[in-house]
Amino acid sequence: MEQSIEQTTEVLLCLSPGEAADLKEGINFLRNKKTGKDFILYKSKNRVRACKNTCKHQGGLFIKDIEDLDGRSVRCTKHNWRLDVSTMKYVNPPGSFCQDELVVEMDEENGLLLLELNPPNPWDSEPRSPEHLAFGEVQITYLTHACMDLKLGDKRMVFDPWLTGPAFARGWWLLHEPPSDWLERLCRADLIYISHMHSDHLSYPTLKELAGRRPDIPIYVGNTERPVFWNLNQSGVQLTNINIVPFGIWQQVDKNLRFMILMDGVHPEMDTCIIVEYKGHKILNTVDCTRPNGGRLPEKVALMMSDFAGGASGFPMTFSGGKFTEEWKAQFIKAERKKLLNYKARLVKDLQPRIYCPFAGYFVESHPSDKYIKETNIKNDPNELNNLIKKNSDVVTWTPRPGATLDLSRMLKDPTDSKGIIEPPEGTKIYKDSWDFEPYLNILNAAVGDDIFLHSSWIKEYFTWAGFKDYNLVVRMIETDEDFSPFPGGYDYLVDFLDLSFPKERPSREHPYEEIRSRVDVIRHVVKNGLLWDDLYIGFQTRLQRSPDIYHHLFWNHFQIKLPLTPPNWRSFLMHCG
Ligand code: FES
């Protein structure tokens, strides 16, 4: 009988933007007046952690711990257990338990939601003990970026194939030269997992080549609110075997192999991660998740892989004005990367996988027009992270080179086994030194001369289609050349998102203002095809100024995740214009 139930999220507490802003630094005790349930929130700078106000011992209620001068711990009223809410670990009894954390999510209006994932550790259903693995039975070959080719007994599974072409319009290119047999490898896969819709994971240029040979290749994605393949029809790629699976339920492949897709706590509408289990040995791939499964993950897996590099955002490189001097940006990037490195090292230390592999950060801004981004957007070095991990734990680390293969059985038995990791043959090209820019730039360029843009009413048509309004923000959109100077004959216009009007001048009321300069080929390609603005923002194809200097989450979230699933109807638009 089917034991598993699909993992769901339940909202336990909802704070309005005002209430969220009123949270004080340190410990906050809150009650949901409707349910009468109590919660503890710990705020430190911009981060909020939360748990139920229920003691793990026998369900007692926590109160302020007056002996705690740092303001980080609470005391149980029943038998005096103490919980440090900044770490969610019990300090009395010392070194004992962890408190179960709730997922904290910022909602649409920047209010705050406390969510509970149910069940929290779905991989514990129908547990299996690890069985003996023969040498060579489980082999993991790194191809590029987030793409791994897994041999699991007589099955083959591939993660996130990005092996050719750019990602995010023309902003990201492969750092590593994929092994020359990559297409054969993809073609012989029994399953392909695609973690999310971002184009460094869901690569249509790669899938196009694959579909040419095997359109029926079985692809698996999570049941995210925005479908991973929302754009499949428009992409022109013929794939006929896409399987959407529910979160938190084991998918049995054969008697030895199963996998489970989990959601991300920060972007549940789009991001996922995966646990693959072969003969009871788990491989955990958290990909790009910010807080995979709300921060609850299996411990002591055989192999864990995750992102590590940072730099997957236009911020702050593409910003100018105000505080955004070169010096500030350099400092900020350095500090952020360091934080990410420490966070990853801590996560690995806490989860204690036997082997850890940093991946999904091997891209480069190699188009000459993006030289500035390439030089500024410094990413973490996988070796630096691995050294940090080795210093603090006995986790074995693997810095993958394209074509290198890890033999899981050998590595689990003896990490010093010289055959544990087979490196690519001597003389193999590791880093790419040339990229085929032209065909991809031609596709983008084709949008520039499209008939749509002969009629200035495209602006109203597009933003009405986009559906973002009733928000006090005025944006000036400027089409530019390669160097972000105004494109001769290009559009330069204002959008007032309060009433979705297109005024000639900025309105006289007080309003936040943002200026977005975008390369004309990319913005027109995005507009024409109804694509998400990730291509512009994550792909470094914009330059931004804002006043005041605040992040308009609602605006960006809409244009990066929530645009309609079908593109604007330009055909009917042109008919009416004509
Ligand atoms: S119930 Fe909290 S210490 Fe016993």
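Is K279 buried or exposed? K279 counts as buried, at 16% relative accessibility (buried is under 20% relative accessible area, exposed over 50%, partly exposed in between, with a 1.4 Å probe and protein chains only). This is a predicted model, in which local features need pLDDT of at least 70 and side-chain atom pairs count only at pLDDT 80 or more, while totals for chains, interfaces and linings use all residues. Residues are numbered from 1 along each chain as its sequence is written, and side-chain values use heavy atoms, leaving out hydrogens and water.

**Salt bridges**
- You will find 38 salt bridges here (a side-chain nitrogen of Lys or Arg within 4 Å of a carboxyl oxygen of Asp or Glu).
- One of them joins K279 to E137, at 2.7 Å from N to O.
- K279 sits in the loop between β20 (272-278) and β21 (281-287) and E137 in the loop between β10 (112-118) and β11 (138-144), so this pair ties together parts 142 residues apart in sequence (strands are DSSP runs of E, at least two residues, and helices of H or I, at least four, numbered from the N terminus).
- E137 is buried too, at 13% relative accessibility.
- D417 and R410 also form a salt bridge, with the closest N and O atoms 3.1 Å apart, and both residues are buried.
- Salt bridges with shared partners link D149, R156, D181 and R185 into one network.

**Charges over rings**
- R226 lies over the face of W230, 4.2 Å from the ring centre (the rule asks for NZ of Lys or CZ of Arg within 6 Å of the centre and within 35 degrees of the ring normal).
- The charged end of R506 sits over the ring of Y513, at 3.6 Å from its centre.
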